[in-house]
Amino acid sequence: KLVLTVLDEKTKLPIACRMHLVGPRTRPRKVQGVPYWSDHFVFKGSITLKLPVGDYTFEIERGPEYLNREGNFRIEQFADDVKEVTLKRFADMSAEGWWCGDLFIRRPAGDAELLMMADDLHVGQFVTWWNDKSDWVRRSPPKKPLTNFEGNR
């Protein structure tokens, strides 16, 4: 296993991010317990990756204001490792009064907070009804919409 923590380079605090992880046979790795889509997953600062033996490459990103990090590692038999990766922020638009947002997010509403934090979004509109598909066919919509979290999202 590998315990991976992603830190903001300046604050040294854990930050949510998106990770593209490619394992043996060059296939994207799906990690259980976190939101996954096509070729990536998101997590809140730290994650334990339980992976088979082999070589892996990764790219970690957090919205357009951070530089992406790429790298690789090898999992050996009985591996038990801990690693930290830092992401460098090169712009802070919210400090200048600009708020990053996405007005068409077609992902499960229950993943809203983590997805927005991983992309460093402050405004997000989650589309739950699209063409002939509705998230609310088998369950009821939330009684109270998500309106604010982390103080500024």
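Q: Is Arg 18 buried or exposed in this structure?
A: This is a predicted model, in which local features need pLDDT of at least 70 and side-chain atom pairs count only at pLDDT 80 or more, while totals for chains, interfaces and linings use all residues. Residues are numbered from 1 along each chain as its sequence is written, and side-chain values use heavy atoms, with hydrogens and water left out. Buried means under 20% relative accessible area, exposed over 50% and partly exposed in between, with a 1.4 Å probe and protein chains only. Because its relative accessible area is 15%, Arg 18 is buried.

Q: Which residue's side chain is joined to that of Arg 18 by a polar contact?
A: Arg 18 belongs to strand S2, residues 16-22, where strands (E, at least two residues) are DSSP runs numbered from the N terminus. A polar contact is a pair of N or O atoms within 3.5 Å; within protein, one must be able to donate a hydrogen and the other to accept it, and residues adjacent in sequence count only if both atoms are side-chain atoms. At 2.6 Å, such a contact links the side chain of Arg 18 to that of Asp 119.

Q: Which residue in S5 stands opposite Val 3?
A: Strand S1 (residues 2-8) and S5 run antiparallel and are joined by four bridges, and two strands pair if DSSP finds at least two bridges between them. Opposite Val 3 stands Thr 48.
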